[in-house]
Amino acid sequence: MRVDVVWWDLARSHQTVESLEKDLRDGSVEPWHEVRGLRLKLWIADRERGRWGAVMWWDSDVPADQQLPPNRAAELIGYAPDHRTGFDVAAVAEGIDSLGLAFSAGPSVPAQDLERK
């Protein structure tokens with residue numbers, strides 16, 4: 001298994017975390033449901049630092065014969081990711097959660113502010 005992590009510094013773009021989340025709600029997530037070999041794609045945001053990105057978990061390397069959906073973030077932001085890194089997956093632990101903040105009613109909460117119940 002493999003994980004790819006990409007992110008953009010939005011300082012050079014007119015896009016914001018909020019505008020990119022709206023694009024997710026408007027349908028840019030849907031094409032990723034059909035990608036062969038993709039176990040999970042997470043869209044990630046850092047409002048404090050103005051960063052946007054994605055984490056993609058693959059069964060193995062991205063199949064060479066497969067065309068991926070358009071990179072909507074790069075199209076909207078206007079440039080390639082500032083950082084792109086790949087990792088082999090050493091282990092996985094799975095928990096329970098929802099679809100993420102782009103689909104929830106409230107703003108994101110820094111991890112250090114969350115209380116365990």
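**View 1. Salt bridges in the predicted model.** Eleven salt bridges are found across the whole structure, each a side-chain nitrogen of Lys or Arg within 4 Å of a carboxyl oxygen of Asp or Glu. This is a predicted model, in which local features need pLDDT of at least 70 and side-chain atom pairs pLDDT 80 or more, while totals for chains, interfaces and linings use all residues. Residues are numbered from 1 along each chain as its sequence is written, and side-chain values use heavy atoms, without hydrogens and water.

View 2. The closest N and O atoms of the D82–R12 salt bridge are 3.0 Å apart. D82 lies in the loop between α2 (72-77) and β4 (83-88), and R12 in the loop between β1 (2-9) and α1 (17-28), 70 residues apart. R12 is exposed, at 56% relative accessible area, and D82 is partly exposed, at 29% (buried is under 20%, exposed over 50%, partly exposed in between; 1.4 Å probe, protein chains only). The charged end of R12 also sits over the ring of Y79, 4.0 Å from its centre (CZ of Arg or NZ of Lys within 6 Å of the ring centre and within 35 degrees of the ring normal).

**View 3. R72 and E75 in helix α2.** These side chains form a salt bridge of 3.2 Å, N to O. Both residues lie in helix α2, three residues apart, about one turn of the helix (helices are DSSP runs of H or I, at least four residues; strands are runs of E, at least two; both are numbered from the N terminus).

**View 4. K41 and W32.** The charged end of K41 sits over the ring of W32, 3.6 Å from its centre.
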